[in-house]
Amino acid sequence: MAVFPSTAAAQARGKYRRGQGARQAPDSGPAPTRNRGPRRTQRSAYLFLTPIAIGFLVFYVWPLLQTLGFSFTSFGVFGGNTWVGGENYERVVQDVTVGRALRNTLIYTALGLCTLPVAIVIANLLNRRGLRGVAIYRALYFIPFITLPSAVGLVWNWLYNGDFGMVNQALSVIGVDGRYWVSDPTTAVYAIGLVMIWSQIGYYLIIFIAGIKAIPQDYYEAAELDGAGPLRRFFSITLPLLSPSIFFASVICVINSLQQFDLIYVMTSANNPALGSTESVLTLFYQWAFEENSQGAAAALAFLLMLLIALLTYVQFRLQKRWVHYA
Amino acid sequence: MPESATPESAMPAPATAGAYGGTAGPRRRRFDKGSVATHAVLCLGAVIMVFPFVWQVLTAYKTMPESVQVPPSFLPESWRGDAFREVFSALPFLEMLGNSLLNTLGRTLGQLVFCSLAAYAFARMQFRGKNVLFAIFLSVLMVPAQLLILPQHQIIQEMGLLNSVPALFLPGMFSAFGVFLLRQFFMSLPKELEEAARIDGAGSLRIFWSVMLPLVRPALAALAVITSMWSWNDLLWPLVVNTDPEAMPISAGLTSLEGQFLTNYPVLMAGSAVASLPMLILYLLLQRHFVQGIALSGSKA
Amino acid sequence: MRRRSLLTGALAAPVLAAGCARDGSSADSAGGRTRITYAIWDPLQVDGMRKIIRAFEAEHPDISVKLQVTPFESYWTTMKTAMRGGTAPDVFWMNAVNSQLYASNGVLEPLDPFIERDGVDMSEHPPELVRMYTYDRTHYAMPKDFDLIGLWYNKKLFDRARVPYPDDTWTWDTFRDAAAELTDPKRGVHGVAAEMAKQYTYYNTIAQAGGYVIRDGESGFDDPRSIEGLRLWTDLIDRGWSPSQSAMTDTIGRQLYLSEKVAMNWDLSAMASQMYASPAIKDHGDVAVLPKGRQRATTIHGLANVISGKSEKTEAAWEFVKFVSSRPAAEIQSREGVTISSLAGTQRPWVESMPEFQLQNFIDMLDYAVPYPSSKHTAVWENLQPRLLGGPFTGRGDIAEAARTLARQMDLALEQEK
C-alpha cells in the first residue's frame with residue numbers, strides 16, 4: 001500500500017487550501033514535450049513498453065497494414081487480390097448509403113455521450129457515505145454489461161414491441177399512443193440508442209467509481225472543514241479531480257459509439273423496413289465485407305471511419321487542456 | 001440504522017467511512033430526505049437495469065411455444081427447469097466454461113501486466129518519441145475489431161494455434177484501451193510520491209511495482225472487470241479461430257443454439273443466464289477493491 | 001514452430017498443456033482412423049446428424065467424423081476466413097445463396113468423378129435442387145434435404161369465421177376473400193401475415209403470377225407479372241387483412257401464427273416440427289398447398305453437402321457425403337421429423353411423423369416447385385430488397401415503382417458480378 005502516506009496527505013491537503021487543487025498537467029496527451037528524462041529513465045521507459053509493443057506489432061499493426069493493402073484491391077473472397085488503386089475509396093465516397101450510415105452513426109455517438117453524465121451522477125450517488133445497499137446497487141447496475149448482446153437485443157425488442165410491448169402498455173396508461181419503435185424509420189435509431197445507453201451505464205460506472213475512489217480523502221475533509229456543501233464538493237472536488245476519468249471515458253465513448261455494431265445487428269432483423277435508418281458505418285462494413293464479399297470496399301470504408309475517429313480523438317486531446325486536471 | 005449494517009462499512013478499509021460526495025452527515029441521519037430520494041432514484045434505475053435479466057430468467061422457464069407467444073406472458077406456466085437441463089446436454093457446457101475461464105484469465109492477466117507497464121511509462125516517464133508512440137497506441141484502439149479478423153486469423157494459423165485456448169486470448173492480451181485507462185490513473189497521482197522514492201534511491205521498476213502500482217489498484221480492478229467482461233462475452237473472434245466445440249468459449253458455444261429460422265429461446269436464455277453468473281460473482285469479488293480505494297489518507301499510516 | 005513455442009512458452013505456459021492436448025486430439029488420424037470434420041449450422045438437426053454419423057462410422061470403421069456446429073449468422077464468415085487460411089472443414093453444408101460463389105471460385109471439390117465412379121444416381125433428388133448446385137455443368141454438392149413453402153392455416157379461426165379450409169382448388173381470389181373473411185379486428189386477428197419475407201411470400205407469388213426474380217443474370221422485379229406477385233401482398237396489408245410490415249418486424253408472421261393471431265401464414269415445411277411442438281397449433285393447425293395464381297408454384301430450397309477443395313481427405317469425405325444422401329441416412333433424417341430428405345422415396349417417415357398435419361401436400365407440390373433464386377453474389381441483391389420494398393410493405397409508396405427501382409439497382413449489382 002502507500003509507502004509515504006503522510007507526505008502525500010500533507011501535500012494533498014496543502015494543495016486544496018491553495019485553491020481548487022488541480023494544477024495543469026505536465027503532459028497532456030500528444031502535445032509536444034520538450035524535456036526528456038535522464039538516459040536511465042529513458043531506457044527503462046522503452047523496456048516498459050517493449051512487451052506490449054511486440055504484441056501490438058504482431059497482432060494489430062501488421063494486420064492493419066495488410067488490411068490497408070486490401071483496401072486498394074479488389075479482394076478475392078478466397079484469395080487472389082487484384083490492385084484497383086483508389087477505386088474502393090471512390091465507391092465509398094459516392095455511395096449514398098454511406099452518408100446515411102454516417103449520419104446514423106453520429107446520432108448513436110451523440111446519444112452514447114449522454115451516458116456519461118448519467119453515469120457520473122449515479123457513481124456519485126453510489127458514493128454517498130453510509131448509504132445502505134450500495135454493494136447491491138452496484139451489482140444490479142452492472143448486470144446489463146454482463147448480459148450477452150443477443151439476450152439484450154431479444155429482451156428490448158420485446159419491450160419495444162409495437163403491439164404487445166411493455167413500453168407501449170405503459171404509455172397507453174397515460175393516454176399516449178405508442179409506435180413500432182424499432183421498425184419506424186423516425187424512431188428506430190433513438191430506440192436503439194437508448195438501449196445503447198442502458199447497456200453501457202454499468203461500464204462507465206466502473207470507471208467513474210474507480211475514479212472517485214482514487215480521489216484522496218483529504219480533499220473532502222479539508223473542504224468540509226472549509227464548510228463546503230455537497231453540491232460545492234461535487235463541483236469543486238469530485239468533478240475536477242474526476243476529469244482525467246471523464247476525459248478517458250469520453251474518448252472511449254466516442255470511439256465505441258462510432259464503432260457501434262452488436263446491438264444494432266441483433267435488434268434489427270433483415271426485413272426491418274427501418275433498416276436504412278438504423279445501420280451504422282460498422283454494420284455497413286460487416287454487410288459489405290462478410291455478406292456481400294466486397295472486403296476491399298469494406299476495408300476502405302473502415303479506414304475512412306478510423307480517420308473520423310482519429311480526428312475526433314485528436315480534437316478531444318487538444319481540448320483536454322481546457323478542462324482536464326491531472327495531479 | 002446502525003452504521004455496521006451497511007455493506008459499505010463492512011468493508012475493511014476505514015478510508016471509505018470518510019465523508020465525501022454525499023449529504024448525509026452523521027447528525028442528520030434519522031431524517032435524511034436526501035437519502036430517501038437517493039434510494040428512490042437508485043431503485044428506479046435498478047429496476048430498469050435488472051428487468052431484462054429477470055425477463056431472461058423467466059423466459060428460461062417457459063416452453064418454446066410459450067416464449068414466442070403474443071401477447072407475451074410474464075410468468076411461465078410452470079417452473080420447469082427443462083431448458084437448463086437441455087443446455088447442459090446440448091453443449092459441452094462445463095468444458096466451454098473452462099475455456100471461457102482460461103480465455104478470460106489469459107487476457108486479463110496479460111493486460112494487467114503489459115498495460116500497466118506501458119501506461120506507467122507513458123504517464124510518468126520522459127522519453128524520446130513518447131507522443132508519437134502514444135498516438136500509435138491510441139490508433140490501435142480506433143481499429144474496429146471486425147476489420148482485422150482475416151489477417152489475425154492467418155497469424156494464429158501460422159502459429160499453429162487454431163482451435164486452442166491460447167488462440168482465444170493471444171491478441172486480446174494487448175490492449176490499447178488498458179494502456180489508456182491506466183495512464184489516466186497514473187497521471188492523476190501526486191508527483192511527490194515518486195520523487196520521494198527516487199530520493200530514497202529506488203529504481204524505476206521498484207518505484208513502479210511497490211509505490212505506484214498499489215496506488216492504482218481501483219483502476220487495475222476496473223480494468224480487470226472490464227477486460228473480463230469483454231473476453232467472456234467476446235463472440236466473433238472465438239467463432240472464427242475455434243470452430244471446434246471443445247475449444248470454444250461459452251459465448252460462442254451458446255450462439256450455436258441460435259437457429260436459422262427459429263431459436264429455442266428458453267434454452268438460449270437459460271444458457272446465457274448461467275453463463276453470466278461467473279461474471280457476476282467475479283464482479284462481486286472485485287467490487288471490494290473499488291470500495292477500498294487507495295489508502296492515501298493519513299489514517300492508514 | 002519456433003515462434004509458436006516461444007510465444008506459448010513465454011506467455012501461456014499454464015494453458016499450453018490444454019492447447020496442445022487439443023491439438024493432439026484433432027490430429028488427422030487418431031489411431032489409424034481418418035478423421036474428417038463436418039460443419040453444419042442448424043441446432044435442430046444436430047441430433048439427427050449425430051445418428052447419421054454413428055451409422056456411418058459403424059459402416060466405415062476407418063473413418064471418424066467430427067461435427068462442428070456454427071450458428072448460421074457467423075457460419076459463412078467463419079467459412080470464408082477458414083477457406084482463405086486453408087483450414088476449412090472437409091465436408092460442410094452449402095445453401096443456394098452461396099453455392100455459385102464457392103463453385104465459381106474453385107474452392108469446392110467437383111463431384112462428377114466420384115459420382116460416375118460409384119454410379120450415384122442424381123436423378124433420385126429433385127432436379128431443381130440438383131441444378132441449384134450445378135455450376136458450369138459440374139456437380140459440386142450432394143443434396144440432402146429440401147424445403148418447400150406451404151399454406152399453414154388455423155382450423156379454429158377458419159371454423160369461427162365459417163370459411164372452408166384451403167385445398168388444392170384455391171386460387172389467389174379464394175385466398176384473398178378468405179383473408180378478408182377471417183380478419184376479426186375485435187379479437188386482434190388478421191386473415192394472413194403478408195410478410196416481406198422473400199422465400200416465404202413474394203418469391204412464390206412472383207412465380208405464380210408468371211414473373212421471375214432473376215433470369216440469365218438479369219433482374220425480373222420490373223416485370224409486370226412479378227409486380228403483380230408483389231402487389232398481392234401489399235394489397236393485403238393496405239386493406240387491413242394483414243398486419244403491416246412494421247408490426248411483423250416486431251412480431252414475425254410465424255409468431256403470430258403460433259399465437260393464433262393470424263389465420264393463415266405461408267411458411268417452410270421445415271417449421272412443421274416446431275409447429276407440432278406448440279399444443280395449440282398441433283390441435284388447430286394444418287397445412288395446404290399454395291393457392292394458384294396464373295400458374296402453380298412454390299419455392300424449393302435445400303441443403304447439400306460439399307467437399308472443400310482444400311481437403312486432403314477427399315476420399316473419406318466423399319464416402320461420408322455419399323452416405324448422408326443414401327437411403328439409410330435419408331431415412332434417419334426423415335424420421336427425425338426436422339427436414340424432408342431429398343432422396344426419392346424416403347419422405348414417408350417425415351410425412352407420417354406428424355399425422356395431425358397433412359404433410360403429404362408438401363410432397364405433392366414438388367411437381368411445380370421453382371428453385372430459390374440465386375447468383376454469384378446473391379446476398380448483394382437480397383440485401384437491397386428490404387431497403388427498397390420496406391416502404392410499400394408499410395403502406396408508404398407504390399409497389400410498382402419500388403419494384404422498378406429494385407430491378408435497376410439489382411441489375412447494377414449483377415453487372416458487377418460479371
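**Entry 1: chain A by itself.** First reminder to myself: this is a predicted model. I looked up the secondary structure of chain A and found 14 helices and two strands. Next I checked burial: of its 327 residues, 54% are buried. Then I looked at contacts in chain A with a separation of 6 or more, and 71% of them join residues 24 or more positions apart.

**Entry 2: what the UniProt record says.** An unreviewed UniProt entry puts "domain: ABC transmembrane type-1" on residues 101-316. In the model, that span is 75% helix and 0% strand, with its end C-alpha atoms 23 Å apart. The unreviewed entry also lists "transmembrane region" for several stretches of chain A, including 44-65, 233-258 and 296-315. I checked two of these against the model. Residues 233-258 of chain A are 100% helix, and their end C-alpha atoms lie 34 Å apart. Residues 296-315 of chain A are 100% helix as well, with 29 Å between the end C-alpha atoms.

**Entry 3: chain A against chain B.** How many residues does each chain put into this contact? I got 104 from chain A and 110 from chain B. On the chain A side, helix α2 (residues 39-70) gives the most, with 18 residues. I sorted that side by class too: 71 nonpolar, 23 polar and 10 charged residues.

**Entry 4: chain C against chain A.** Here 25 residues of chain C meet 24 residues of chain A. On the chain C side, the elements giving two or more residues are α4 (72-85), α12 (245-250) and α20 (378-389). By class, I noted 10 nonpolar, 11 polar and four charged residues on that side of chain C.

**Entry 5: the largest nonpolar core.** This one has 324 residues, and the members touching the most others are A:Leu205, A:Leu301, B:Ala118 and C:Phe320. Helix α9 (residues 188-213) of chain A is the top contributor, giving 16 residues. Why does the core lie between two domains of chain C? Domain 1 (32-147 + 301-353) and domain 2 (149-300 + 377-417) of chain C both give residues to it, so it lies between them.

**Entry 6: a closer look at C:Phe320.** I skipped residues up to four places away in sequence and listed what C:Phe320 touches: C:Ile36, C:Tyr38, C:Phe56, C:Ile63, C:Val65 and C:Val91.

Note on methods:
Residues numbered from 1 in each chain as written. Chains lettered and ligands numbered in written order. Predicted model: local features only at pLDDT ≥ 70, side-chain atom pairs only at ≥ 80, totals over all residues. Contact = placed C-beta atoms within 7 Å. Helix = DSSP H or I, 4+ residues; strand = E, 2+ residues; numbered from the N terminus. Nonpolar A, V, L, I, M, F, W, Y, C, P; charged D, E, K, R; others polar. Buried ≥ 20, exposed ≤ 12 C-beta atoms within 10 Å, placed from the backbone. Core = buried A, V, L, I, M, F, W, Y, C linked by C-beta atoms within 7 Å. Domains from an automatic or database assignment. UniProt positions renumbered as here; feature names shortened; annotations may be inferred.
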